[in-house]
Amino acid sequence: MVDKQRIIPLIVATALFMENMDSTVIATSLPAIAADIGTSPLTLKLAITSYLLSLAVFIPASGWTADRFGARMVFAIAVGVFMVGSVGCALSTSVTDFVFARILQGMGGAMMTPVGRLVLLRSVDKSALVNAMAWVTIPALIGPVIGPPLGGFITTYASWHWIFLINIPIGLLGIFMALKFIDPIKSDEREPFDLYGMVLAGLGLAGIAFGLSVAGLNLLPWSTIAALVVGGSISMTLYVIHARRTGSPVLDFSLLKLPTLRAAILGGFLFRLGIGALPFLLPLLMQIGFGLSPFHSGLVTFASSLGAMGMKTLAARLIRTFGFRNLMTVNAIVSAVFLAACALFTVSTPLLIIMIILVVGGFFRSLEFTAINTVAYADVEPPQMSRATTLVSVNQQLAVSAGVAVGAASVETTMWLSHVSELNATVFAPAFVVVALTSAVSSFFFWQMPADAGHEISGRKAVDISSRKGAAKSAASAAVKTATEDTQDVRDQRLG
């Protein structure tokens, strides 16, 4: 059991790292790929947006698929589909081939993320969940920052085809390890597939995520982007109405009644929105504002990943010491401060200072992500776990897309107000402030959680809870403090 609780998070983390890196590594290599297949880089940006579109459409089906066919098998097949899409990208000779291959990759990625998290939740004991989530959180932070420099290095010194072919050995190893170490767990209750809800949710999420994603790419006019977002919102509204009338919706919003999951969804959306803009804004500032090459820019921004990796060893201890609510509330503000500090970067700022701020900020951001991803499932019952992972994955996808859109809109608004026609270092500062303030607002939702939220997961057995209803409740709180883990029944009687 101990070995599996260490190995399974690494299996899931490897697959998620492959997906996160692949989704960003392509950006640096677009010019070389476009030249090789005979098209323009602007046209080839369809490859990025088609991948995001495929993710948004197929994520809602991930929970039902895992329950129906088994999380282990679906996870392994998803990795295989992602690999096939990667091979298709490497062999593409036209824009059409490339876009279809990216859509296939998106189908695999849509299943890998939520099903991989479901595998983790069903395989790891709750007492070890914080450490497990810390391992899984790291690739989500490393992928976006290591992708651009790695793509530039491979394209410069080898061939762009290897960007996709390096996924093959990683994927094969992931499939082998998954089939060897992950137990074949299936859901006992097989619910009917909500096809109508899947269509509404797919169209809604695709319109919103696709519209927000292309907002920062200058690929479509703003009127078209607005139409996509509005159309997607209408479709999602129809889905919400439909979900209230069905017993097995693909996106179960009734789970938001759970205070910990509600805080992770609402607060997590705002926090991720701000942080999701960082991989978009920071490389632009480094390359266009400061004149660094893509490779050197990637080396600087990689500093935030060092902080993320350093967090892994301390996450469980910090959460156990301070509790989820206190830590997440304060740490959201601390993370936002370090995000806002990027607004102070100028051409004359020493790179060492920039890297120190990114390293320390990466530590606090990764700590917050680990806490959010863990506390989301604190009160979720096993039969609801697949629906919860689907809901969390959809929320994350929309938050990242919204972060890019907000960051791009802030930069363009600053340029318009400053009467500037070209990007320069000065137009990025307001954008960093805007997204930092957005992330800071998430602390309000985290503070709404119960004082003992997630204590079963964090291992925090006793805590002082401030009384609002007089001395009687204070006495009950004192009784809780003196109780031990072995006297659970006695503690419940005193509280009763």
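Biologist: At what angle do the axes of helix 17 (residues 324-340) and helix 18 (residues 351-375) cross?

Modeller: They cross at roughly 145 degrees and come within 9 Å. Axes are lines fitted to C-alpha atoms over the stretch in contact, and angles run from 0 to 180 degrees between N-to-C directions. This is a predicted model: local features need pLDDT of at least 70, side-chain atom pairs need 80 or more, and totals for chains, interfaces and linings use all residues. Residues are numbered from 1 along each chain, and side-chain values use heavy atoms, without hydrogens or water.

Biologist: What makes the contact of helix 17 with helix 18?

Modeller: Residues including F324, L327 and F338 of helix 17, and I357, F364 and V375 of helix 18. Contact means heavy atoms within 4.5 Å.

Biologist: How do you know that the length of helix 17 agrees with its 17 residues?

Modeller: The expected span is 1.5 Å times one less than the number of residues. That gives 24 Å, and the end C-alpha atoms are 24 Å apart, so the two agree.

Biologist: Why are helix 5 and helix 6 called roughly antiparallel?

Modeller: Angles over 145 degrees count as roughly antiparallel. The axes of helix 5 (residues 71-91) and helix 6 (residues 95-123) cross at roughly 155 degrees. The two helices are therefore roughly antiparallel.

Definitions and conventions. Helix = DSSP H or I, 4+ residues; strand = E, 2+ residues; numbered from the N terminus. Parallel < 35°, antiparallel > 145°, perpendicular 65-115°, else oblique.
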